[in-house]
Amino acid sequence: MAILLLALLAVPAAREVGNVALLMEERQILPLESFDPPEQSWVLELPAAQAEVEALVPSDSPPSSLTSPQLENLLVETTAASSVSASPVTATAASGTSQQLGRGSGHISVGNYDDAMDQITLELIRLLQGGEVVVVWLFDQSSSMQDDRAMIGARIGRVYQELAKSGFAERDALTTGIASYSGDYAQHTANPTSKLSKIYGAIEAVPVDSIGKELTCQAVNEAITRHRRYVEKTERQFALIVVTDESGDPEDNRRYLEEAIDSAKALDCHVYFLGREALFGYPFAHTVSRDPQTGGTLVSTYDRGPETAFVEQLQTDGFAARSETLLSGFGPYEQVRLTRETGGLFFMMPDDKRYGGYDPAEMERYQPDWRSRAEIAEKVEGDPLQLCLSQVIQELNPYQSAAVNSTVIRQTFSSDPATLPSEILQEQAKMRAYINYFNQAIQTLEAARPLRNASHSVRQQANYDLILAQLRTYRIRAAEFHDLLAIALQMGPAAAPAAPIRGWKIVMQPQLVSAEKHATEIALARSSLEHIAAERPGTPWARSAQAELDRGFGVGLQPVLGP
């Protein structure tokens, strides 16, 4: 069986592999529309009847720990590749930041920490023109932020030097506090200070957290509370700068975002973020490393989005939870909302993730809704199209307990010839139910097309187009997988390959098993994806559509080697 399955991967549409004839009955490879509904099907209902749908149209030097050779090498590399550009949210030139950017103005993309500190210096000068200022730096304790903290620490003195040149160094016009957070909050300066030696020492005292739980909104609230008395007593303006590479714990974000905003507004605190670009329509990023003890692969997951209050994209790749890295062009929703509501800015730092660098002019049209979650939820309740899209997203969300996900799609199959047939039969039944769901979801979205055409939101139209095209694509792959399993079931046991295998895993590929039967649907899905890629260039929607095309419409079983 193993040899024959490997041959199948090389001969995608074969009806004969080697000397084994595959005598397949017509009912074993079914057209996409011909699956009978299972006993329990997942029915999507339109948010309105069809008739209604159609009718709705200084001088101290930093310590050596902040100027290490490794850090300086990293700085050289970063500076060489740096650039400053206007963000997708604002076309304001970086050189005019202090005059043109202010309360609630949005993002600034920066090439490195030199650029970021220059922008922050301009912001502090803007504030100092109105009186004395206290700035509190709030650092994420994550291990991934160690270099970032060192880079900022090495540049704090530069901020004070620039302020001195601008005439704001006298009488402690600017004082600085240092704090950090993970699952807990830590204060590293007893009181804000203008002494660089104390500031450097406080940054060095920031611990490294290994738990990986960032309660960002609670930390913001705590930092404001801790400094309230100082701000009120000294009558200073208050700026809080949060430095992080994550979006923060989702539950903390949901529960404490608005409280943090209210606390900041009550003290007239301007909140700034030195953060990272959110992932496109997806909450999680993944890092892959090798276990030093076993040599195995370790996958770590951390919070990195999304850019919206609620997810607006499918959370599945058709068979499992999404795992690709696709940037959104915007910062995480909570962080951007905090800055906009308090008159701060979100500085979008450079990233090691792939597929960023979108066209700022084009992305201007796709801005998320940064109102409160409560306001957005109320809006969705009165928007039949968004209700429809949200229902499809949640029904297929692997992180939710929706009915369609009560059946888990097997990702790997046994190499045991005695076990494999029963696994195949189970998955074929699941595929039939899965394809039935796709049929209903596609019909529902097609019926809502008049709503899509009448929508005034370019972002909502783009979401509709991509989700519908992906549903068509995933339905084809599900049918292809069903047919591949039918072939594998008929082939029976075969001699094992020379290399031992531990099983088989699902892979997406361009090769097809039933190309002729699925030709019409493949043409429609390909046309839809190509249209998105062509009509929305320089956006994550185009990148996502192209990624689906690159993966192909076929499915294969790839051997997992090992004893």
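In this report, helices (H or I, at least four residues) and strands (E, at least two) are DSSP runs, numbered from the N terminus. The structure above is a predicted model, so let's take a friendly walk through some of its local details.

## Two loops with positive phi

Asp 268 sits in the loop between α10 (250-266) and β8 (269-275). Its phi is near 55°, a positive value in a residue other than glycine. With a relative accessibility of 43%, Asp 268 counts as partly exposed.

Glu 235 also deserves a look. Its phi is near 55°, again positive in a residue that is not glycine. Glu 235 belongs to the loop between α9 (216-234) and β7 (237-243), and its relative accessible area of 72% makes it exposed.

## A cis proline

Another backbone feature to visit is the peptide bond between Gly 305 and Pro 306, which is cis, with omega about 0°. You will find Pro 306 in the loop between β10 (297-303) and α11 (333-342).

## Salt bridges between parts of the chain

Side chains of opposite charge can pair when their charged atoms come close. How many salt bridges does the structure hold? The count is 30. One of them pairs Asp 114 with Arg 155, whose closest N and O atoms are 2.6 Å apart. Asp 114 is in helix α5 (residues 113-128) and Arg 155 in the loop between α6 and α7 (156-165), so this pair ties together parts that are 41 residues apart in sequence. Asp 114 is buried, at a relative accessible area of 19%, and Arg 155 is buried too, at 7%.

Because Asp 118 lies in helix α5 and Arg 158 in helix α7, the pair ties together parts 40 residues apart in sequence. Asp 118 counts as partly exposed at 31% relative accessibility, and Arg 158 counts as partly exposed at 30%.

How accessible are the two partners? Arg 410 counts as partly exposed at 26% relative accessibility, whereas Glu 427 counts as buried at 0%. Elsewhere, salt bridges that share partners join Glu 446, Arg 449, Arg 472, Arg 475 and Glu 521 into one network.

## A buried arginine without a partner

Arg 149, placed in helix α6 (residues 146-153), tells another story. Arg 149 is buried yet has no salt bridge. Which side chain of opposite charge is nearest to Arg 149? That is Asp 140, 5.6 Å away; a salt bridge calls for a side-chain nitrogen within 4 Å of a carboxyl oxygen.

Setting aside residues up to four places away in sequence, Arg 149 touches Phe 139, Asp 140, Gln 141 and Ser 142, and also Ile 203, Val 206, Pro 207 and Val 208.

## Ile 393 and its contacts

Ile 393 is placed in helix α14 and is buried, with a relative accessible area of 0%. Ile 393 and Leu 314 are 79 residues apart in sequence, while their C-alpha atoms are 5.1 Å apart in space. Beyond neighbours within four places in sequence, Ile 393 is in contact with Val 311, Glu 312, Gln 313, Leu 314 and Ile 467.

## How α18 packs on α19

Two packed helices are described by the angle between their axes and the distance between the axes. For helix α18 (residues 519-535) and helix α19 (residues 540-551), the angle is about 145° and the axes are 8 Å apart. The crossing of α18 and α19 is left-handed.

From α18, the contact uses Arg 526, Leu 529, Glu 530, Ile 532 and Ala 533; they meet Trp 541, Ala 542, Ala 545, Gln 546, Glu 548 and Leu 549 in α19. The residues of this contact divide into seven nonpolar, one polar and three charged.

Conventions: Residues are numbered from 1 along each chain as its sequence is written. This is a predicted model: local features need pLDDT of at least 70, side-chain atom pairs count only at pLDDT 80 or more; totals for chains, interfaces and linings use all residues. Side-chain values use heavy atoms; hydrogens and water are left out. Buried means under 20% relative accessible area, exposed over 50%, partly exposed in between (1.4 Å probe, protein chains only). Lys and Arg count as positive and Asp and Glu as negative; His and the chain ends are not counted. Contact means heavy atoms within 4.5 Å. Axes are lines fitted to C-alpha atoms, for helices over the stretch in contact, and angles run from 0 to 180 degrees between N-to-C directions. A crossing is left-handed if the near helix is turned anticlockwise from the far one by less than a right angle, and right-handed if clockwise. Ala, Val, Leu, Ile, Met, Phe, Trp, Tyr, Cys and Pro count as nonpolar, Asp, Glu, Lys and Arg as charged, and the others, Gly among them, as polar.
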